Amino acid sequence: MVRVKICGITTLRDAQAAVDAGADALGFIFAQSPRRVSRTKVKWIVTHLAPWITKVGVFVNENIPNIVETMEFCKLDAVQLHGDEDVSTVRALRAMGYPVIKAIRVAGSLHEKKLDRYPASAILLDTAAPGLYGGSGRVFDWKVLKKVSGVKPVIVSGGLKPDNVRALLKVFKPYGVDVSSGVESSPRKKNYKSVKEFIKNVKTR
């Protein structure tokens, strides 16, 4: 079963709506973003969530001590590195016991060696966009996914919406899919109908 992560969560109501709709994981953004949320707010949201939901902290080029401090303060389960972090950062966080999702931005081609060099728990593929580390809302060419067959768990992001996620799954069956703007009424506000539809389209085959 393909897993679903709803990212850019900023309120308990949005978090609970995603969980109720069948989300497997929730993402909280601590980097510069319209969906950035404070550690205090995230900690409060997390205390109200079921323990079986994976809570992911999303960071961009943050130093390791700050990542660890945030993870411990908020009681999060996994780290998502969405910037230019190097192999040593991934390795250090893994050594501390954190599952790590390393994001790689796709611009045209994709090389398996680039995916393999990161000792991450999973690789997230997002669309490359000038000046952005994520959140472009654009789809990359899914044909490149044929090259990642057999590589470590792959999560696909970038421009996914309720009306195109089934098309992705016909091309490639990833470990998971990640969506934020594609299920929003506006930045920071999830559209609950879209969240339900997106998860239904992933889970119902």
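## A buried phenylalanine and its stacked partner

F59 has a relative accessible area of 2% and is therefore buried (buried means under 20% relative accessible area, exposed over 50%, and partly exposed in between, with a 1.4 Å probe and protein chains only). The model is predicted: local features need pLDDT of at least 70, side-chain atom pairs count only at pLDDT 80 or more, and totals for chains, interfaces and linings use all residues. Residues are numbered from 1 along each chain as its sequence is written, and side-chain values use heavy atoms, with hydrogens and water left out.

One aromatic pair is found in a search of the whole structure. The ring centres of F30 and F59 are 5.3 Å apart and their planes lie at 20°, so the pair is stacked (rings of Phe, Tyr and Trp, the last by its six-membered ring, pair if their centres lie within 6.5 Å; planes under 30 degrees apart count as stacked, over 60 as edge-to-face and the rest as tilted). The pair joins distant parts of the chain, 29 residues apart: F30 belongs to the loop between strand 2 (25-29) and helix 2 (39-47), and F59 to strand 3 (residues 54-59). Helices (H or I, at least four residues) and strands (E, at least two) are DSSP runs, numbered from the N terminus. F30 has 9% relative accessibility and so counts as buried.

## Helix 2 against helix 3

The axes of helix 2 and helix 3 cross at roughly 35° and come within 8 Å. Axes are lines fitted to C-alpha atoms, for helices over the stretch in contact, and angles run from 0 to 180 degrees between N-to-C directions. Helix 2 contributes R39, T40, V42, K43 and V46 to the contact, and helix 3 contributes E69, T70, F73 and C74 (contact means heavy atoms within 4.5 Å). By class, four of these residues are nonpolar, two polar and three charged. Ala, Val, Leu, Ile, Met, Phe, Trp, Tyr, Cys and Pro count as nonpolar, Asp, Glu, Lys and Arg as charged, and the others, Gly among them, as polar.

V42, located in helix 2, is buried, with a relative accessible area of 0%. Beyond its neighbours within four places in sequence, V42 is in contact with F28, F30, V37, C74 and L76. The C-alpha atoms of V42 and C74 are separated by 6.2 Å, although the two residues are 32 residues apart along the chain. R39, also found in helix 2, counts as partly exposed at 28% relative accessibility. With neighbours within four places in sequence left aside, R39 is in contact with F30, E69, T70, F73 and C74.

## Helix 3 against helix 4

Helix 3 (residues 64-74) packs with helix 4 (residues 87-95) at an angle of about 35°, and their axes are 11 Å apart. Their crossing is right-handed (left-handed if the near helix is turned anticlockwise from the far one by less than a right angle, and right-handed if clockwise). In this contact I64, I67 and V68 of helix 3 meet T89, A92 and L93 of helix 4. The contact has five nonpolar residues, one polar and no charged.

Most residues other than glycine have a negative phi. N61, in the loop between strand 3 and helix 3, has a positive phi of about 55° although it is not a glycine. N61 counts as partly exposed, at 39% relative accessibility. K75, in the loop between helix 3 and strand 4 (78-81), likewise is not a glycine and has a positive phi of about 60°. With a relative accessible area of 56%, K75 is exposed.

D77 also lies in the loop between helix 3 and strand 4 and is partly exposed, with a relative accessible area of 33%. Leaving aside neighbours within four places in sequence, D77 is in contact with I53, T54, K55, M71 and P99. D77 and Y98 are 21 residues apart in sequence, and their C-alpha atoms are 7.3 Å apart in space.

## Helix 1 and its surroundings

The buried residues of helix 1 (residues 12-21) are L12, D14, A15, A17, A18 and V19. They pack against strand 1 (3-6), strand 2, helix 2, strand 10 (189-190) and helix 7 (192-203). Just after helix 1, G22 has a positive phi of about 110°.

## Charges over rings

The charged end of K102 sits over the ring of Y118, 5.3 Å from its centre (NZ of Lys or CZ of Arg within 6 Å of the ring centre and within 35 degrees of the ring normal). K189 lies over the face of Y192, 4.1 Å from the ring centre.
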